[in-house]
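Student: Could you take a close look at a single part of this model for me, the side of one chain that touches its neighbour? I'd like the symmetry first.

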Amino acid sequence: MFYIIDILGTIAFSISGVLVALNKKMDAFGILIIAFVTAVGGGTLRDILIGETPVSWMKDITFVYVVLASTIMAIIFKSKIDYLRKSLFLFDTIGIGLYTVVGVEKGISAGLHPIICIALGTMSACFGGVIRDILCNEIPVIFRKEIYATACILGGIAYFIIKRLPLEGNFVFIIAGLVVIVTRILAVKFKLRLPNLY
Amino acid sequence: MFYIIDILGTIAFSISGVLVALNKKMDAFGILIIAFVTAVGGGTLRDILIGETPVSWMKDITFVYVVLASTIMAIIFKSKIDYLRKSLFLFDTIGIGLYTVVGVEKGISAGLHPIICIALGTMSACFGGVIRDILCNEIPVIFRKEIYATACILGGIAYFIIKRLPLEGNFVFIIAGLVVIVTRILAVKFKLRLPNLY
Amino acid sequence: MFYIIDILGTIAFSISGVLVALNKKMDAFGILIIAFVTAVGGGTLRDILIGETPVSWMKDITFVYVVLASTIMAIIFKSKIDYLRKSLFLFDTIGIGLYTVVGVEKGISAGLHPIICIALGTMSACFGGVIRDILCNEIPVIFRKEIYATACILGGIAYFIIKRLPLEGNFVFIIAGLVVIVTRILAVKFKLRLPNLY
């Protein structure tokens with residue numbers, strides 16, 4: 001089941017990449033690369049930092065196919081994507097919930113400190129979008145608004161709190177993921193954002 | 001002989017970096033870094049992703065000297081570089097042909113799927129320019145126009161098709177490289193480009 | 001003692017990151033990431049290139065706390081930071097002196113060529129700022145002005161010259177670091193900069 005969520009997340013991330021790239025008037029190759037980077041960039045950075053190479057998308061070709069198919073679909077149906085905005089938001093949110101917890105667990109199995117694990121989880125979930133924005137010559141959107149990374153950080157913290165309870169591993173995984181998802185949905189619903197400090 | 005081609009490619013890439021950096025009014029240090037990144041950035045990213053570290057330019061100092069010499073030459077003769085435009089285009093094109101095939105073969109020896117190998121080859125050839133453009137605060141040029149990466153992808157596909165034929169290894173190498181080179185030359189000659197999709 | 005210098009350097013780098021991020025009107029998360037990247041980005045790139053993973057800040061959590069504390073302090077006292085400009089310049093300068101020599105020595109223990117070691121030292125000291133500027137959508141400031149990287153390169157060269165003398169290891173370390181620091185201070189005092197070549 002986690003695999004299916006992972007694929008739904010990849011689809012949502014790819015489509016978000018396609019939309020940004022179309023906006024920047026890139027050609028087909030540029031669009032594909034941006035979609036790919038948005039989908040796998042965070043996990044790739046995580047793998048490189050902990051030294052787990054070849055990075056994960058090189059070992060499971062499925063994700064390359066998913067990105068390819070999503071990109072082609074998104075280009076063909078680009079005028080219709082607006083109707084999907086809600087589903088895409090949901091996929092994306094479920095995706096970051098999953099990626100966060102996967103990142104945290106990779107950190108744990110590499111024997112790293114909880115704070116580093118939370119950082120790795122947040123990175124897995126958010127840095128695909130950061131690299132996308134850099135390649136598109138924008139200041140990364142998550143540095144400027146919306147509770148996005150913050151949801152991932154809260155989910156990561158939740159993971160380590162719940163892990164102390166006498167629960168089964170899968171439960172910890174799911175509850176921490178839900179913390180990310182619920183935080184993000186509430187933040188968007190109530191237009192919460194981090195305070196500006198300047 | 002491949003070594004000589006590699007050096008010619010490095011020269012062409014370095015000079016292209018110098019020209020972009022001069023355009024951005026960088027100082028001597030900035031110019032050198034941009035030249036260096038343009039020349040070795042793609043291969044460095046490839047090595048990091050597959051975990052082949054220290055990355056290759058750290059192990060063969062020749063390329064550092066080549067970049068240094070090319071940069072100094074390009075700065076001194078910058079007003080004359082226009083006369084070399086054709087040779088530079090040729091070196092650059094031969095360079096990406098070579099880099100593509102080298103990247104594909106590194107992927108194969110790391111036991112990766114053909115699609116990943118083709119991606120690695122394309123990355124080796126093209127991502128030096130991508131990093132150059134990011135450092136210069138531009139949207140990477142290969143995401144916007146010209147059949148450049150596409151030539152590398154075709155060369156990579158050709159590699160795997162030809163490899164099934166009963167040919168000697170070097171032939172596969174050369175023919176795949178020529179596919180990249182010829183595609184690129186034809187694309188420039190006939191002003192082919194990928195369709196815009198926006 | 002080196003550990004204390006390292007922490008002072010980290011504080012100075014973090015604060016410089018906070019100032020740039022505030023300038024770009026980032027939110028709290030963005031500011032923290034920029035501070036973090038400025039402080040550890042150079043060393044991270046160095047570790048990735050030579051394959052020393054997990055990268056160093058993942059193994060010593062102290063630096064994460066230092067960045068966090070510096071960031072919070074810098075945000076709270078941002079209107080007062082101007083009074084600290086001189087101390088910050090000093091911390092930053094001592095920091096790059098230290099980072100340069102640490103980077104050079106990491107290269108040596110990885111068995112790399114002196115030129116590569118000098119490049120690694122310079123990268124450790126300067127590339128946090130480069131990544132900061134890229135994330136903030138600016139052309140990296142060290143590519144455009146000031147003797148900054150140049151001071152690190154000179155310090156690296158000094159390291160290899162002094163190492164041939166019959167001196168104790170710590171002396172080599174300190175003198176090379178001082179070369180960086182003195183060069184940088186003199187350059188700022190006398191407004192030296194690399195010649196423009198365009």
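Tutor: The copies use different surfaces, as 10% of the contact residues of chain B recur in chain A (contact being heavy atoms within 4.5 Å). Chain B also goes onto chain C, by a turn of 120° and a shift of 0.0 Å along the axis, with an RMSD of 0.0 Å. These two copies are therefore related as by a three-fold rotation axis. Here, too, the surfaces used are different, with 11% of the contact residues of chain B recurring in chain C.

A word on the ground rules: this is a predicted model, where local features need pLDDT of at least 70 and side-chain atom pairs count only at pLDDT 80 or more, while totals for chains, interfaces and linings use all residues. Residues are numbered from 1 along each chain as its sequence is written, chains are lettered from A and ligands numbered from 1 in the order written, and side-chain values use heavy atoms, leaving out hydrogens and water.

Now the interface itself. On chain B, 30 residues are in contact with 27 residues of chain A. The two chains bury about 2,500 Å² between them, 76% of it on carbon and sulfur atoms (buried area is the accessible area, with a 1.4 Å probe, that two parts lose on being put together, summed over both). Between chain B and chain A there are zero salt bridges (a side-chain nitrogen of Lys or Arg within 4 Å of a carboxyl oxygen of Asp or Glu).

Which elements give two or more residues to the side of chain B that touches chain A? They are α2 (28-50), α6 (114-135) and α7 (149-162) of chain B, where helices are DSSP runs of H or I with at least four residues, numbered from the N terminus. α6(B) gives the most, with eight residues. By class, that side of chain B has 21 nonpolar, five polar and four charged residues (Ala, Val, Leu, Ile, Met, Phe, Trp, Tyr, Cys and Pro count as nonpolar, Asp, Glu, Lys and Arg as charged, and the others, Gly among them, as polar).

Note on methods:
Copies are superposed by least squares on the C-alpha atoms of residues with pLDDT of at least 70 in both.
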